[in-house]
Amino acid sequence: MKRVKTALNDGHDLFNGGYSVREVPPRSGASPFSKAGWNKQAAQKAGFFLLFMCIFLTLLFLGSIVYFIFAGGGKVLTWGFLTQWPRNAMTEGGIFPALLGTFYLTLGAIIAALPLGLACAVYLCEYTPGNFALNAIRIGINNLAGVPSVVFGLFGLAVFVKFFGFGVSVLSGSLTLGILILPGIISASQEALIAVPNSLREASLALGATRWQTIKKIVLPQALPGILTGVILSVGRAAGETAPILFTAAAFYTRKYPDSPFSEVMALPYHIYALMTEGTHPRQQTAIAYGSALVLLILVLFISGAAVFIRQRQRSING
Amino acid sequence: MKIFLSKERVYAAVFAVLAFACLFFLAGITLVLFKEGLPLFGKVGLGDFLFGSRWYPTHEDAEYGILSLLTGSLWVTAGAMLVCLPLGIGSALYINEIAGDRQKAVLKPLVEILAGIPSIVFGFFGMVVVAPFLQRLLHLPTGLCAFTASLILGIMAVPTICSLSEDALSYVPASYREASLALGATRWETLIKVVLPAAGSGISTAAILGISRIMGETMTVLMVSGGAAIIPHSFFQPVRPLTSTIAAEMGEAAVGSMHYHALFAIALVLFTLTFIFNIAAEILSRRYRIKLGLQR
Amino acid sequence: MDNGIRMRAEGVNFYYGSRPALKDVSLDIHRSQVTSIIGPSGCGKSTFIRLLNRMNDLVPKSRLEGRILLDGEDIHAPETDVVEIRRRVGMVFQKPNPFPKSIYENIKYGLEINGLRDKSLIEQRVVESLKKAALWDEVKGRLYESALRLSGGQQQRLCIARCLAVEPEVILFDEPCASLDPISTSRIEELLMELKRDYTIVIVTHNMQQAARVSGNTAFFLLGEMVEFGRTQDIFTKPRDPRTEAYITGRFG
């Protein structure tokens, strides 16, 4: 620790007991504080403007993406586009099978992840395990959340497609996506469960209910909106992911409807990618890609919007 | 009564087991990556792999050096951070301190919603709009290069950085602001000299998580960065980061071939890097909470 | 305004939205005196004291009628620099709020933002302030440690030192001992007695004995009104208003 050497302390230790105000020699002369009032205000104006530009530019860039997608895709977006199959080597027709595929994959992912994620959240919140378990699981969740999506894809390839032999299929893709969205479901469910006031739990237990009964009949129903928000957000996430399904589920073109969990499927995000990188007729296919991107964007924005809206409502209800 | 008790314990046990699923999957991923990636190192040494600059997995005399891919990832990530950190933190400062209640009520959800735009949409936008534009504007041979990728990735990461930073800023107690203002500081001085430093670790955590996500991003770089596995000398050259290598080549690699193992080895490197970043973020985040006195 | 009056409130009405929080409050703050403001919870005393350094500017949708004068000038006048007002009228808060920086940095901050750049002068000021706040002995060996490691009483004295460093003319204390133990409380009360020689002090307190101990003038607030104002010994021995007497004798509180 540095010993502060000043004019008042030239090595002697003069301080014992308190040091009263009177014994500090009164200062004479003008205050050394610079009268730089206008400088400060100018600096503040400049600074605030800079920050404003940050948010402005951010919204401008993101807004322009939305604008371009709408502009480019709007020309192609018709009811037929959504309900028809692609024709003529993908230069005409619609994207219906891709929509269907995305739907199946997302549904499968939720079916796989929700029970598991909810169970984890319930365990962490309701069964209050010791510090070790809490920390270990938390580290697991945070790290799983940070794994790159392409690594999930490889994992899915090695385990579901090859090892379990499910092949490139809806099943493999759903399971892979399920692991991807698991941390998100756990976090949202945890938030929802913690928000349930303890008084409700105590009331239930005081009536003689077991812990499981309390969870099933009191806590979970109360936490439902929050859990739902988490599910909705995860649906949005799963619908937009490409890398995990690249090797596990997606095909550029399927001839017929997927008739079993073991079929390949088309998927919206993959469709965009494939059209742009494997397509043989760039002009028409870019247009179709625009349309697909628009559909995906609308889907995801709508889903995110719904989830955020529900969450805001919940937060204002809970105060 | 006895039946009840044992049923309850069964439930508890089931939940406990299921709860460890995340750890289980994490371990599983590690295992699989090692299992499928390790065979490569029988053929190629670790040093040659990491620092070799020739990536020719499909040649007769295949070479598996990922230096060019690594530098591609690093350049693109660094470039993206240059874009997303100022914009993201600046936006967070604006929302937290300057925006009035009504503005905040619109901006915060808006940023969260925009954070959900899928990366494929960004990649598509970069490919069909930004790259040709930059190509014309800057007279480049191609618009698909590290610069474009950094730009798009950076913009993509801004909402995430902004949300995380704003959360960190909101944890700074109001009493610090009050104390500073009461001493005669302006709001700007208070923001920059008291609030921002106080939130420093929290914002650093956000930045580290941002780096981690940008590095792991696949589709955007796949479509925009150009795909040339060479060490870049300028930002305007095409590059091929680690992630896009895996995505682009896995389709061609025969299962069980050395190429296949090499791609898994790349995934292992990626996984390790993001793992390190995540641990760093954990440690920082705990230190942040302790600093603010929210945790001992 | 050198009839010994530093600050004056004239006909102050203050509203949070449409709800009146202060009704027609007028009082004088005398130079080099401790003026205490007492009253039950919710009577408006914190609201009032926060008007004196315009901290209530931070409350949205609030409205002020009447004037508050510092050395004869209206502090809410449009051309007044609020930043300068806040330097001249300092505040110590109810809950100690040192910055999450070192002890040294906490005090240095106030000097820096007021334009002091000379390092040795800063050092000197830091030491002086800590001595004036009777904290120097306890921290002189650890100036670069985090301020959050100090005890509650020490943190509050650090906040006082921080406030003193920017050379205020008036110091406002908003229930400064509310979160402190009795020993820390009495140390701060001793400090107040010393500080009043060089500074004008206003203290809000819910502790009547404290007001009786430290202050020369006392104002009694009730439900947003200032009921009575006068010399402390008069207020406590022969209050003129029956409400004052009821509060002082503990019939409500």
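Is Asp24(C) buried, exposed or partly exposed, and how many other C-beta atoms lie within 10 Å? In this predicted model, Asp24(C) is partly exposed, since 15 other C-beta atoms are found within 10 Å, a count that falls between the limits of 12 or fewer for exposed residues and 20 or more for buried ones. Asp24(C) belongs to strand S2 of chain C, which comprises residues 19-30, and has a positive phi of about 50 degrees although it is not a glycine. A positive phi, of about 55 degrees, is also computed for Glu167(C), again not a glycine. Glu167(C) is placed in the loop between helix H6 (152-165) and S7 of chain C, and it counts as buried because it has 20 C-beta neighbours inside 10 Å, where 20 or more are required.

Strand S7 of chain C (residues 170-174) runs parallel to strand S6(C), to which it is joined by 4 bridges. Within this pairing, Leu172(C) of S7(C) is the bridge partner of Met91(C). In a regular strand, side chains alternate between the two faces of the sheet. Strand S6 of chain C (residues 89-92) is covered on both faces, with Val89(C) and Met91(C) buried on one side and Gly90(C) and Val92(C) buried on the other.

Elsewhere in chain C, helix H3 (residues 103-113) packs against helix H4 (residues 119-132) at an angle of about 115 degrees, the axes being 10 Å apart, and H3(C) passes H4(C) in a right-handed crossing. To this contact H3(C) contributes Tyr104(C), Ile107(C), Lys108(C) and Leu111(C), while H4(C) contributes Ile122(C), Arg125(C), Val126(C) and Ser129(C). Sorted by class, the residues of the contact comprise 5 nonpolar, 1 polar and 2 charged.

Between chains A and B, 70 residues of chain A are in contact with 63 residues of chain B. On the side of chain A that touches chain B, helix H1 of chain A (residues 37-74) gives the most, with 17 residues, and the residues of that side divide into 51 nonpolar, 16 polar and 3 charged.

Chain B itself has 14 helices and 2 strands, and its C-alpha trace spans about 75 × 75 × 30 Å along the principal axes. Of the 296 residues of chain B, 54% count as buried. When contacts in chain B between residues at least 6 apart in sequence are considered, 72% join residues at least 24 apart.

Definitions and conventions
Residues numbered from 1 in each chain as written. Chains lettered and ligands numbered in written order. Predicted model: local features only at pLDDT ≥ 70, side-chain atom pairs only at ≥ 80, totals over all residues. Pairing = 2+ DSSP bridges. Contact = placed C-beta atoms within 7 Å. Nonpolar A, V, L, I, M, F, W, Y, C, P; charged D, E, K, R; others polar. Axes fitted to C-alpha atoms, helices over the stretch in contact; angles between N-to-C directions. Left-handed = near helix turned anticlockwise from the far one by under 90°.
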